[in-house]
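Subject: Structure handover

Hello,

Here is the structure for you to take over. Please open it first, then read the notes below.

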Amino acid sequence: MQARNLLTAAIRQHQAGQLGQAEQGYRAVLALEPRNADALHLLGVVAHQRGHNDAALDLIGRAIGQNARVAAFHNNHGNVLGQLGRHADAIAAYRQAIRLQPEHAEAYSSLAGLLSQQGDAQEALAAIDRALALRPRDAGKHVNRGNILRTLGAGDAAITAYRRAIELDPALAAAHNNLGLALTAREEVEPALSCYRRAITLKPDYVEAYVHLGNALQDLGQSGEAALAYRQALALQPDRADARLALAMSAIPIMPATEAAAAGTPHAFAGALDELAQWATTHPQAVRDAAGRNQPFYLAYRPVDVTGALCRYGDLVATPQPFLDRGARAGRLRLLIVSAHVRDHPVWRVILQGLMTHLDRSRFDVALFHTGARTDAHTAWAAANVDTFVGGERNVAAWRAKIVEHRPDIILYPEVGMDPVTGALASQRLAAVQAAAWGHPITTGLPTIDLFFSGEALEALDAERHYRERLIRLPRTGVSIEWTADQSEPWRGPERAAGVVRFALCQQPIKFDPADDALLTRIAEGSGACEFWLVMPNRQQWAGKQLVARLRDRFAGAGLDPDRYIKVAPWMTSRAFNGFLEAMDVYLDCPAFSGFTTALQAVQRGLPIVTLEGRFLRQRMAAGLLRDIGMADGITHTPDDYVGRAVTWANEARDAARWSRSRDLLRSAASRAMSDPEPMLRLQDVLVAAAN
């Protein structure tokens, strides 16, 4: 009777949040009855709530040893095992709780969360739906359902789930925060801001919401406001490594408004790295664990040498653990390709598809890990043409476990820098040979990447100095392109006046450096009646508006009527974009960050390109393509030559018959053997040599 009374009192204290008193009460019970299963279990729950999971595991395990028929014991055992990273054991514990109590809603909910984390999203959805059938008005479970739907790429359904949670409990901060994440994934960033701010209003110490608010502000080009949000997160949780890393990246504005801001970006980022490095001296592993969540992607858009800064960043985030060789190899080399872009995407069209087509399966056992959520017919084709395919959205730890389990000899990342998961994985040593390709055309800066595959036609003579990796110059552009642009449909733009020449500026607005704006006014002054057509982006629409405003100011300052020269086209389908290209006369490549995919589309439509070839790979993409197909007339090397070539071609374009013949020649050149397998064959030779 005394033990029962002590246990009842301790449970009341526990329910009131008085963990210290509850612990004393449970220990008093155990002093009288050392094998009391309820006291062992609840003392373990207290230890779990205090973060002492090893002790909790022992106590709850002892409770189960006394009475294995209590579902709650197994459910809480699963919670502790999950915290200790023993996910398979945790899943088994939740399943045992459900077997003992088929209506245990919390076990279903916990099981769903863990299955989703492990990449079993469909099974997770079934589990959370069972939990909601038992507790349909539990707002938290609707949030969990939304989270699972997001991993399945069902963004609209996820938004519905979060909104249902808010309807049931308007004060549930997590529902507002996660609704913001779902809206952000749908590129509705401005509405997402309101969600994050509402979450913070409801829960002023909500660190996660501050970080997401900062990310959204950064994506909208509001770097200063983003930095404030990250600093607020750090004021609440100074050891929050992802906020530290994001704060450093906020020193890189997505689209600097002025020449001074653009020119000052590398210096600002160097200062931010100093601050991050100082913190990392006492938190080195925390920075490594945050790798990939925020990357210096936009530093590549500054047309100066940033190799040193990227190498400093790489040293901070890379995990330097030694690679444990899997021993003697027999048979084919195990090649693992890791990418978030195994779908209709430039990385697939230009780099991956040709590689997948030409891989010699007698030399390589090929695995493909698709870390992205979006899939299409290209994904299905790729999955059917490899030895091993793994897809489904997982966190970094789960992907790392899959890679370790696969034990590859070689890992190839078609790009590093565009995707957070691949960015995190590339910062770890998971194979004896690790390589990157030019999907993001700049050094990774990572000491964990050994090789960087580029092309002879793309690189300058002294290009090695701009890479931390060993630069491999594959033949031609370094790729074998199997992709041909879609057919076109007529562009529905306005009729042009007689004698007006149309210049196309088709790249993302963030690629245009303010220092190059003056080149356009000079071209306008020399070309007579002309128009400069910009295509607005599908996302980051604010950047398109900012570029238009910037150019209008520049033209007005040069005494040129912006309404006459600056024209805007909305985002288009691929067929409509092809028609747009056919309606243009000259394509002006971006000097600061040249385009390859858009240049490929242009030459396939017979649209002549003027490009200013710079020092770095990212400034030489269109030039390399033109050189590769033997149509190098549009390659220039100085700003004056760039302006002069554009003006000359504008005048020639007014002779419609002559210009049509020139376009036919370019279109014919574009059809030449860009699918030549030689670059991919050479890549395979290099990988074999590196692995042996």
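Strand E6 (residues 451–455) is largely enclosed by the rest of the structure, because five of its five residues are buried. Buried means under 20% relative accessible area, exposed means over 50%, and partly exposed lies in between (1.4 Å probe, protein chains only). Strands (E, at least two residues) and helices (H or I, at least four) are DSSP runs, numbered from the N terminus.

This is a predicted model: local features need pLDDT of at least 70, side-chain atom pairs count only at pLDDT 80 or more, and totals for chains, interfaces and linings use all residues. Residues are numbered from 1 along each chain as its sequence is written, and side-chain values use heavy atoms, with hydrogens and water left out.

E6 is covered on both faces. Leu451, Phe453 and Gly455 are buried on one side. Phe452 and Ser454 are buried on the other.

Two strands pair with E6. Pairing requires that DSSP finds at least two bridges between the strands. Strand E5 (residues 433–437) pairs with E6 in the parallel sense, over three bridges. Leu451 in E6 is the bridge partner of Ala435. Strand E7 (residues 470–474) also runs parallel to E6, paired over five bridges. There, Ile472 in E7 is the bridge partner of Phe453.

**Nonpolar cores**

A nonpolar core is a set of buried Ala, Val, Leu, Ile, Met, Phe, Trp, Tyr and Cys residues joined through side-chain atoms within 4.5 Å. The largest has 210 residues. Trp438, Phe503, Ile523, Phe532, Phe580, Leu588 and Val603 touch the most other members. A second, separate core has 28 residues, including Leu355 and Phe364.

Take Phe503. Contact means heavy atoms within 4.5 Å. Beyond its neighbours within four places in sequence, Phe503 is in contact with residues including Ile523, Phe532, Met584 and Leu588.

**Cysteines**

How many disulfides does a search of the whole structure find? It finds zero. A disulfide is a pair of cysteine sulfur atoms within 2.5 Å. For Cys506, the nearest cysteine sulfur is that of Cys590, 11 Å away. Cys506 is buried, with a relative accessible area of 10%. Cys195 is buried, with a relative accessible area of 10%.

**Pro253**

Pro253 sits in the loop between helix H15 (241–249) and helix H16 (259–280). Pro253 is buried, at 17% relative accessible area. Setting aside neighbours within four places in sequence, Pro253 is in contact with Ser223, Thr265, Tyr298 and Arg302.

Best wishes
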